Amino acid sequence: MNPSDQISIPPEALGHPLIDMLNLNRFIFCPGCLIGTVITSITRCLKERGLTSKDYAIVSGIGCTGRSSGCFKAPAFHTTHGRAIPFATGIKLANPKLKVIVLSGDGDLFAIGGNHFIHAARRNVELTVLCINNNIYGMTGGQVAPTSQIGDITSTTPYGNVEPPFNLVSLAAASGATYVARWPGYDTLRLQKSIFKCIDNQGFSFIEVLAPCFVQYGSKNRLGDAIEMLEWLKKQIRIKVDWPPHQATFDFKRGIIICGEFVEEEREGFSKKVEQVRIKAQNKKISRRIKDSE
Amino acid sequence: MSNASFQEKRILTTGNYACAEGAITAGCLYFAGYPITPSSEIAAYMSRRLPQVNGTFVQMEDELASITSCFGASYTGKKAMTATSGPGLSLMAESIGLGVMLEVPTVIVTIMRGGPSTGQPTNASQSDVYQTRYASHGDYEIIVLAPSSVQEMYDLTIRAFNLSEKYRIPVIVASDGIVGQMMEVINIHSNIELVERKKPQVPPEKYKPFEAFDDDLVPGMAIAGTNYSFYVTGLTHDIEGDPQMTPEAAEVLIKRLCEKIKKARPQINDWEEKHLEDADTVILAYGINARGVPEVVEQARQKGYKVGLVRLKSLWPFPDELMERIGQMGVSKVIVCEMNNGMIIREVQRFQHLFTVSGITIPTTIPFSPKFIYEKLIKEV
């Protein structure tokens, strides 16, 4: 069908309760994908906190989730592949008043952008990073991802994947993130509770959101359609409290995915540290000593 | 401003320090970089100075992060800069295209060293002239300035900020290992004209991030933290910022992005010229390699040769109008001197219908001595 033949429904007519904060014309996601659910969950949290578009910025990388930033009526940045976190770091450090939310996929954040993730977590930059994990590269045609599991069939592992995946929760915790959680994307209540904590956390916060891709992952691994895949996922979810991050099992073969909050720690964020450097630098005694030693 | 290091009118300093202080003078408040010889002193200087002026210095995990974090900072309204050398600029290549697409004012300083690959980290070079122009994929225009002295490291860094703010584009200062590291006395001017980016020209509800109202084709720039909502993307987009995959959208966007720089050539291009009025032969050089040329020209003129000099202070966009003027003035020969296998010479060769072009183009790491250029010159004239 020619796009101009489509009956265009003005977004206002859809009566979406978050229409003031969302641009529905930029929703390009497959019906049944949980990316939309995550976008509305974030938006609900921002709205409930009374935050408006001058209080936050949304940054995304490349891929299916990369397209999510456009759905927000806010300063929204669709950057290059892998660079969402450094872009967001620049925003946060240059204007620490802003809440900066990074929304990207597992390939973007952990393959091409992996280095930025571990360093931003190490610095404890005050960012909220949501990784929408579908265990595969969706937009480029279903290639193996650093989160694909051993044996997975993908476009580039036709004989089955032989690489072990990253455990994103363990990786985030080991890198120094001060809030780490994992939830299935359909569990919006727990997810929103976590997003609130991320917004309030004065450090690097990370949520891994499980969002199965039935178009690429599901079809190649014979897991059914969108609903069947959600049921398949639901059976594997085990919600745990006070569970150590290095034991946050994520194993489709054994059918166990541990979900919950794994790290909640108070540690001063990076922009506060940068402010302390300014105070030192503006102390004449200290700056003179540094100059003399050069 | 509290300018602890540079209060005096005349000071002795290095090119890299002068560049960094120029950035502070221009109002730079954000620097992100990654250590690389021979540019590292810029980062070290910024790490000391920026916190003094309430700015932010951060040493990132790599150059990819450095440049993109500068874009983020610039989109909050702060002037941002990064500094690197050839290998680092290679890593920034993809993001330079993003900067062009997002139309984000940023300054990138590259202190050229020998290449390819790791090359000669501690030596100078002019072999990255094409890299500065063509680093990123896609069809785009970029602004590149070429300082040849410590004074110009200061002046042209300030100018780079002004141009990047005015035209909303990453501006590259292409210096080299010698100009960056050498010491010279420079003058610090007290009244420097600073340019600030164009603000949105309409209220938030009417704002479209890539709608250009003026003849300069530069849209007003909204920043994060204000009442303006906007979506910017590296995808081909329309004036609303919406991704558009039609051939028409590509043509409209790319033409505007290129045209805004091309039509500003008379304002952007900058050079020094001498004795063009009666010159028969002109020596064209830039950067550190231009330092010996004035002596050559004066000696040749004393011997009766009608030789003139053109020293480019901006390399890209290439000053076509200058070449045409040289041709109209009756110059019959242009000799291009550069420390590479011939890069700018190919641009000059586009004007071979106006004058003949020859070159002294050697991929060396030391600038040509006046004696060397002189001997080549008298064989040619």
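**Chain A, overall.** I began with the radius of gyration of chain A: it is 20 Å, which agrees with the value near 19 Å that a compact globule of 294 residues would have. I noted that this is a predicted model. I then took the extent along the principal axes, and the C-alpha atoms of chain A fill a box of roughly 70 × 45 × 35 Å. For secondary structure I listed 11 helices and nine strands in chain A.

**Chain A, burial and contacts.** I looked up how much of chain A is buried, and the share is 52% of its 294 residues. I also checked sequence separation: of the contacts in chain A between residues at least 6 apart, 63% join residues at least 24 apart.

**Chain B, a sheet.** I moved to chain B and traced an open sheet of five strands, in the order β11-β13-β12-β15-β16, with mixed pairing. Strands β11 (271-274) and β16 (356-361) of chain B stand at the edges; each has a single partner strand, so one side of each is left without a neighbour in the sheet. I recorded an average twist of 20° from one strand to the next.

I followed β11(B) to its pairing with β13 (residues 307-312) of chain B, which is antiparallel and runs over four bridges. For Lys274(B), I found Leu309(B) as the bridge partner in β13(B).

**Chain B, a helix on the sheet.** I looked for what packs on this sheet and noted helix α10 (residues 293-302) of chain B. Helix α10(B) touches β11, β12 (281-286), β13 and β15 (333-338) of chain B. I put the angle between the directions of α10(B) and β13(B) at about 170°.

Methods
Residues numbered from 1 in each chain as written. Chains lettered and ligands numbered in written order. Predicted model: local features only at pLDDT ≥ 70, side-chain atom pairs only at ≥ 80, totals over all residues. Helix = DSSP H or I, 4+ residues; strand = E, 2+ residues; numbered from the N terminus. Rg over C-alpha atoms; globule rule 2.2 N^0.38 Å. Buried ≥ 20, exposed ≤ 12 C-beta atoms within 10 Å, placed from the backbone. Contact = placed C-beta atoms within 7 Å. Pairing = 2+ DSSP bridges. Axes fitted to C-alpha atoms, helices over the stretch in contact; angles between N-to-C directions.
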